[in-house]
Amino acid sequence: HRLAGCTVSFAISSTLCVNRATSGPNTRVEQELDELEGRSQLYLSLGPGSKLTAIGRKPIDARHEHALMTVANEEPIQLLVEAAEAAGMVVDVVESSLVALSRLHGLLAEDEREPVILAQLDEERRESGVARAEQLLVE
């Protein structure tokens, strides 16, 4: 009962999602995102069923951008959100743990202009990525 009304954020591991990043001219990034979205239903490592995609974009300059697409299996994400909402919580975000670590590092780092290698380890898996300025560049 004490959690009712609380806002919750979920950081999910690579067992539940896949990240794909692209950078370059805006038109090329758009084409790559379209191709990635078209292939997203074929990510067998995420299990059977429908896949969800989320895209984050950040301009580099007027003609270039960086984009990150996360693909996840819809069923476990839906179950996670439903469980939180059934407990009276408000879901703010469901995101890749490496994306969350990138943002956290950017907030805590003294010099966020330098790229860093991030690693997340657990008993069965390891995940690594390169981040800069609160942004996951590559997984």
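On one side of helix α1, Thr 27, Gln 31 and Gly 38 are exposed, where exposed means over 50% relative accessible area, buried under 20% and partly exposed in between (1.4 Å probe, protein chains only). This is a predicted model, in which local features need pLDDT of at least 70, side-chain atom pairs count only at pLDDT 80 or more, and totals for chains, interfaces and linings use all residues. Residues are numbered from 1 along each chain as its sequence is written, and side-chain values use heavy atoms, leaving out hydrogens and water.

Helices (H or I, at least four residues) and strands (E, at least two) are DSSP runs, numbered from the N terminus. Buried residues of α1 are Val 29, Leu 33 and Leu 36. They lie on the same side of α1, because they cover an arc of only 65° around the axis, the arc being that of the directions from the helix axis to the C-beta atoms. Their cover includes β2 (17-25), β3 (51-61) and β4 (64-73), with contact meaning heavy atoms within 4.5 Å.

Elsewhere, three strands form an open sheet in the order β6-β7-β8, with antiparallel pairing; two strands pair if DSSP finds at least two bridges between them. β6 (116-121) and β8 (135-138) each have a single partner strand, so one side of each is left without a neighbour in the sheet. Six bridges join β6 to β7 (residues 126-132), and Leu 121 stands opposite Arg 126 in β7. Helix α3 (residues 97-108) packs on this sheet and touches β6, β7 and β8. The direction of α3 makes about 130° with that of β6; axes are lines fitted to C-alpha atoms, for helices over the stretch in contact, and angles run from 0 to 180 degrees between N-to-C directions.
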